[in-house]
Amino acid sequence: MQVIMMDEGAKHALIERDFSYKLTDSHHDNDIGTGAAVRKRSKLYLHLKKWLERAILDYGLIAEGDRVLVGVSGGTDSFALLDLLRSPMIFVPKFSVTAVHIDLGFAGGERDAGLIEGELKKMVSDYVIEETDIGPLAHSEFNRKNPCFLCSRLRRKRIFEIAEAKGCNRIAFAHHRDDIIETLLINLFYGREISTMKPNQSIFNGALHIVRPLAYLREGLIKKYAGERGFNVVANRCPTGKTSKRLYVKELLHSLEKENPQIRHNIWTAMHHVKPDYLL
Ligand code: SF4
């Protein structure tokens with residue numbers, strides 16, 4: 001394999017150029033086998049695959065023999081992540097995948113776990129679906145102020161326990177480039193710190209790694225791919241989902257982009273140009 005060293009500025013320029021990719025139509029070029037199923041390759045698939053593998057290699061997200069537990073919420077991003085991780089890799093060594101869905105128990109979602117299981121069965125042979133009451137608990141009277149904190153904490157704890165039970169050393173989440181940008185602003189505006197989600201985060205003294213293979217990919221393209229693949233996604237049933245800080249920041253960025261289309265790119269690039277000498 002030829003390894004080409006590239007400085008950070010050139011790399012981000014290249015990534016940005018590729019981010020400008022637009023899908024005009026789905027040209028299905030090749031068929032490739034993925035177990036029993038046969039997948040059609042589209043230009044969009046190849047583009048996403050290229051940048052997924054690139055993130056895996058750049059950040060050392062997956063190594064030979066890793067056992068990866070993929071968090072699946074039932075939305076477009078997580079189905080796309082699972083689908084891409086299950087497709088044949090060119091540069092990434094062999095690893096195994098287990099999927100996990102934590103049903104949060106929101107009202108109206110009684111059939112969701114069954115629908116998600118239907119999708120998981122098509123993609124992986126090993127999966128865990130756990131039904132919980134984390135959602136209602138996080139929204140109960142005693143926790144009105146910050147449901148997201150308790151919700152994500154309890155969900156994450158359960159995922160860590162399942163990773164341990166399944167012998168997995170990596171947990172993959174479907175956070176993409178826009179999530180990373182929005183998290184930086186959420187932490188800055190509301191958390192009083194300058195931080196975001198890292199593509200590769202080591203926890204428990206390195207026993208476990210949280211990895212984000214979609215880190216280079218834009219949300220819009222992932223959603224487009226999910227549409228192309230026809231995933232059976234379930235609705236977000238969380239009442240806070242419609243009023244969350246994340247939604248506010250997302251809409252804020254949308255409106256800022258109308259004046260300056262480069263705004264997300266600038267924030268992304270700024271994360272690679274931190275100047276501690278010019279901070280307090
Ligand atoms: S938006 Fe809803 S589902 Fe998401 S972390 Fe907050 S409470 Fe949980």
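1. The shell around the ligand holds six nonpolar residues, four polar ones and no charged ones. This is a predicted model.

2. Which residues make up this shell? Leu104, Ala138, Pro147, Cys148, Cys151, Ser152, Cys238, Thr240, Gly241 and Ser244 lie around the ligand. The largest share comes from helix α6 (residues 147-166), which supplies four residues.

3. Now the overall fold. The chain has ten helices and eight strands. It runs to 280 residues, and 28% of them count as buried. Take the contacts between residues at least 6 apart in sequence: 74% join residues at least 24 apart.

4. Helix α4 (residues 112-123) passes a length check. Its twelve residues, at 1.5 Å a residue, should span 16 Å.

5. Which residues of α4 are buried? They are Asp112, Ile116, Glu119, Leu120 and Met123. These residues cover an arc of only 100° around the axis, and therefore sit on the same side of α4. Two of the names deserve a look in the viewer: Asp112 and Glu119 are both among the buried residues.

6. What covers that buried side? The cover includes α3 (76-85), β4 (96-103) and β5 (127-131). On the other side of α4, Gly114, Gly118 and Lys121 are exposed.

Note on methods: Residues numbered from 1 in each chain as written. Predicted model: local features only at pLDDT ≥ 70, side-chain atom pairs only at ≥ 80, totals over all residues. Buried ≥ 20, exposed ≤ 12 C-beta atoms within 10 Å, placed from the backbone. Contact = placed C-beta atoms within 7 Å. Near = placed C-beta within 6 Å. Nonpolar A, V, L, I, M, F, W, Y, C, P; charged D, E, K, R; others polar. Expected span 1.5 Å × (residues − 1). Arc of directions from axis to C-beta.
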